[in-house]
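The following note sets out points on the packing, the aromatic contacts, the ligand surroundings and the backbone. Each point may be read alongside the coordinates.

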Amino acid sequence: MSDAHRDSRTAPRAPLRILCQHAHGSCAACCGVHNFRVRSHSAEHARLLRRTERVRAAWPDEAALARARDELLALEAPDVLFAGVKVCPFSGYVDEGRVGCLLHPSRHPRGADLRELGVYPREICEGHFCAPHDWLRAREADLAQTARGLFYGRVVTDAGLVKALARLLDDALGRAFTSAELARARPALDPALTALWDTLRDWPWRDPDPARFGGFVFTGNEATERGVPSCLAGLSLEVEPAVRQVLDALGTRALDDAAAGAAMACLRERVEAVAAALRGD
Ligand code: SF4
Ligand code: SF4
């Protein structure tokens, strides 16, 4: 099994709740969609569109798909961030804006499973469920699933980020939010949630180093991962652990007191707005 799956499992039975897709968001992180040095929305979109078009043109001819795979792997290789996480070129747009496996048997005219053509053995594609399936409680998963599009995958695969955001929302409310009230409060809650997720996705204090990903930096020929000190290390500010965790998970650069104050105020403001909408203020 590759390094990519060292924190994962191939379960004999699927979890009761599968987190990979929801009505407005999709994830393909374990197929390597985020494992690139350039991860802007436009670069991700261009990469996924190119894959989708190449695979569609070859579909469902296996020899043509293998050729498309090899061409795409060669094209994308120079921009891959971390050699330890495989990047599968068969992860693309399965629907408008929705990312998934282009080789999934549900897409094949005779239901054939061609996932052996991908970068992992078929049984891993079929049975892999990442650690957040075990680690996230229902209300945390429900909060994560208010994130939309491909950014949802970045959120749901970082259980520490989701848990820290849930803690901040609890703190802002003065009690623990529930799944039921999250559901009840929508769609009135959506503008505040959208503002929160958009801010986190386009985080103004993100480290501009393309080798940085969340709390890690990938260096050397093998792009070995190395933890980086907290963006708030050495500051005299009082900081709740959950705030520090969110900022580090977002790949925040080392901040001085003034910038840290601004980043924390921005985060609090977005979370407060969600709490206010939940309360019906
Ligand atoms: S990283 Fe986890 S949630 Fe995302 S597609 Fe893979 S198994 Fe599903
Ligand atoms: S073939 Fe496997 S690794 Fe490739 S996109 Fe499909 S599920 Fe992911």
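1. Surroundings of ligand 2. The shell around ligand 2 divides into six nonpolar residues, one polar and one charged. Its members are Cys31, Cys88, Phe90, Ser91, Cys101, Arg115, Tyr120 and Cys125. As the model is a predicted one, this point and those below concern computed geometry.

2. Around ligand 1 stand Cys20, Cys27, Ala29, Cys30, His128, Phe129, Cys130, His133 and Thr157. By class, six of the residues in this shell are nonpolar and three are polar, with no charged residue present.

3. The largest nonpolar core. This core comprises 51 residues, of which Leu169, Leu200, Trp203, Leu247 and Leu267 touch the most other members. At least two residues come from each of the helices H5 (138-144), H6 (151-156), H7 (159-173), H9 (190-201), H10 (241-249) and H11 (257-279). Helix H7 provides the largest share, ten residues. A second, separate core has 16 residues, among them Ala64, Ala66, Leu103 and Leu117. In general terms, nonpolar side chains tend to be buried together in soluble globular proteins.

4. Leu165 and Leu200. Leu165 belongs to helix H7 and counts as buried, because its relative accessibility is 3%, under the 20% limit. Beyond its neighbours within four places in sequence, Leu165 is in contact with Leu143, Trp197, Leu200, Val246 and Leu267. With the same exclusion of sequence neighbours, Leu200 is in contact with Phe151, Leu165, Arg206, Leu250 and Leu267. The C-alpha atoms of Leu165 and Arg268 are 10 Å apart, while the two residues are 103 residues apart in sequence.

5. Ala249. This residue lies in helix H10. Is Ala249 buried or exposed? Ala249 counts as buried, since its relative accessibility of 17% is under 20%. Between Ala249 and Gly160, which are 89 residues apart along the chain, the C-alpha separation is 7.8 Å.

6. Three aromatic pairs are found in a search of the whole structure.

7. The edge-to-face aromatic pair. Phe151 and Trp197 pair in an edge-to-face arrangement, with 6.5 Å from centre to centre and 65° between the planes. Because Phe151 lies in helix H6 and Trp197 in helix H9, this pair ties together parts that are 46 residues apart in sequence. Which burial class applies to Phe151? Phe151 counts as buried because its relative accessibility, 14%, is under 20%. Trp197, at 4% relative accessibility, also counts as buried.

8. Charges over rings. Arg47 lies over the face of Phe36, 3.7 Å from the ring centre. In a second case, the charged end of Arg139 sits over the ring of Phe177, at 4.3 Å from its centre.

9. Cis peptide bonds. Most peptide bonds are trans. Which residues does a cis peptide bond with omega of about -5° join? This bond joins Trp59 and Pro60, and Pro60 is placed in the loop between helix H1 (41-58) and H2. Another cis peptide bond, with omega of about 10°, joins Arg186 and Pro187. Pro187 lies in the loop between helix H8 (179-184) and H9.

Key: Residues are numbered from 1 along each chain as its sequence is written. Chains are lettered from A and ligands numbered from 1 in the order in which they are written. This is a predicted model: local features need pLDDT of at least 70, side-chain atom pairs count only at pLDDT 80 or more; totals for chains, interfaces and linings use all residues. Side-chain values use heavy atoms; hydrogens and water are left out. A nonpolar core is a set of buried Ala, Val, Leu, Ile, Met, Phe, Trp, Tyr and Cys residues joined through side-chain atoms within 4.5 Å. Buried means under 20% relative accessible area, exposed over 50%, partly exposed in between (1.4 Å probe, protein chains only). Helices (H or I, at least four residues) and strands (E, at least two) are DSSP runs, numbered from the N terminus. Contact means heavy atoms within 4.5 Å. A residue is near a molecule or strand if one of its heavy atoms lies within 4 Å of it. Ala, Val, Leu, Ile, Met, Phe, Trp, Tyr, Cys and Pro count as nonpolar, Asp, Glu, Lys and Arg as charged, and the others, Gly among them, as polar. Rings of Phe, Tyr and Trp (its six-membered ring) pair if their centres lie within 6.5 Å; planes under 30 degrees apart count as stacked, over 60 as edge-to-face and the rest as tilted. A charge sits over a ring if NZ of Lys or CZ of Arg is within 6 Å of the ring centre and within 35 degrees of the ring normal.
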